[in-house]
Amino acid sequence: EKYEDLMKFPNKYLVGNQLKSLADAVEGNLRIEKMRQTTGDMRQLIEQAKVAQQQLKLLICARPPRNHKDTDTWAHTELDAGKDHPINRYVKDGLAQPFRMHNAVIVDPGQETEDAIARRDKFKYGGDLRRVKNAARLIIEYPSLEHLY
């Protein structure tokens with residue numbers, strides 16, 4: 001039941017620097033802009049992903065005085081994908097209010113590896129690295145669908 005309620009929310013698309021529903025875009029005969037990276041160079045993409053990954057982590061952490069030492073360390077640590085690390089990939093304490101109020105847990109799987117990006121580029125993006133959308137990524141886990149509301 002809650003899943004069905006969640007699925008009622010329409011997808012939004014970037015149209016002229018605004019998010020619009022597909023129906024509004026079609027009705028207005030507006031061009032949907034496809035999101036692209038600023039570069040097609042793998043090395044630059046990886047460097048930008050490192051910065052984006054850290055910035056995402058910093059944005060979801062609570063500000064003093066509600067911050068938490070372990071979460072702050074987590075936010076400032078680069079975690080490589082698929083490799084063991086002494087820092088816990090999961091954080092719950094010290095998150096910003098929207099995550100705290102819904103009992104969210106944030107997982108840092110590490111930024112996407114160059115090999116994984118290259119494989120996806122070959123099979124999905126036809127050699128256009130500007131189409132990569134998940135080089136930097138975090139997972140938000142909620143205890144249940146009810147916690148999304």
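User: Which residue of E5 is the bridge partner of Val105?
Analyst: The bridge partner of Val105 in E5 is Glu141. Please keep in mind that this is a predicted model.

User: How many bridges join E4 to E5, and which way do the strands run?
Analyst: E4 and E5 are joined by 3 bridges, and they run antiparallel. They belong to an open sheet of 3 strands, ordered E3-E4-E5, with antiparallel pairing.

User: Which strands stand at the edges of that sheet?
Analyst: The edge strands are E3 and E5 (139-141). Each has a single partner strand, so one side of each has no neighbour in the sheet.

User: And what holds strands of a sheet together in general?
Analyst: Strands of a sheet pair through backbone hydrogen bonds, in either a parallel or an antiparallel manner.

User: What about E1 and E2, how are they joined?
Analyst: Strand E1 (residues 12-15) and strand E2 (residues 18-21) run antiparallel and are joined by 4 bridges. Lys12 stands opposite Ser21 in E2. The two strands form a hairpin with 2 residues between them, and Gly16 in the turn has a positive phi of about 55°.

User: What share of the residues is buried?
Analyst: Of the 149 residues in the protein chain, 30% are buried.

User: Now helix H3. What is its reach from first C-alpha to last?
Analyst: H3 (residues 42-60) has 19 residues and reaches 27 Å, which is close to the 27 Å expected at 1.5 Å a residue.

User: Which residues of H3 are buried?
Analyst: The buried residues of H3 are Met42, Leu45, Ile46, Ala49, Gln53, Lys57 and Ile60. Viewed down the axis of H3, these buried residues fall within an arc of 100°, so they line one face of the helix. On the other side of H3, the residues Arg43, Val51 and Leu59 are exposed.

User: Why can residues three or four places apart point the same way?
Analyst: An α-helix has 3.6 residues a turn, so residues at a spacing of three or four places point the same way.

User: What covers the buried residues of H3?
Analyst: The cover includes helix H4 (69-75), helix H5 (97-100), strand E4 (105-107) and helix H6 (114-125).

User: And what happens at the start of H3?
Analyst: There, a side-chain oxygen of Asp41 comes to within 3.3 Å of the backbone nitrogen of Arg43.

User: Back to Lys57. Is it buried or exposed?
Analyst: Lys57 has a relative accessible area of 1%; because a residue counts as buried under 20%, Lys57 is buried.

User: With which side chain does the side chain of Lys57 make a polar contact?
Analyst: The partner is the side chain of Asp108, at 2.7 Å. Beyond four places in sequence, Lys57 is in contact with Trp74, Ala75, Thr77, Leu79, Asp108 and Leu138.

User: Which residues make up the largest nonpolar core?
Analyst: The largest nonpolar core has 11 residues: Ile60, Cys61, Trp74, Ala75, Leu79, Val91, Leu95, Ala96, Phe99, Ala104 and Ile106. Apart from this core lies another, of 9 residues, among them Met42, Leu45, Ala49 and Val132.

User: What does Ala104 touch?
Analyst: Setting aside residues up to four places away in sequence, Ala104 touches Val91, Lys92, Leu95, Phe99, Ile140, Glu141 and Tyr142.

User: Last one. What separates the C-alpha atoms of Asp5 and Leu145?
Analyst: Their C-alpha atoms are separated by 9.8 Å, while the two residues are 140 residues apart along the chain. Asp5 is found in helix H1 (residues 2-7), and Asp5 is partly exposed, with a relative accessible area of 27%.

Note on methods: Residues numbered from 1 in each chain as written. Predicted model: local features only at pLDDT ≥ 70, side-chain atom pairs only at ≥ 80, totals over all residues. Heavy atoms only, no water. Expected span 1.5 Å × (residues − 1). Buried < 20%, exposed > 50% of the residue type's maximum accessible area, 1.4 Å probe, protein only. Arc of directions from axis to C-beta. Contact = heavy atoms within 4.5 Å. Polar contact = N/O pair within 3.5 Å; in protein donor to acceptor, adjacent residues only side chain to side chain. Pairing = 2+ DSSP bridges. Core = buried A, V, L, I, M, F, W, Y, C linked by side-chain atoms within 4.5 Å.
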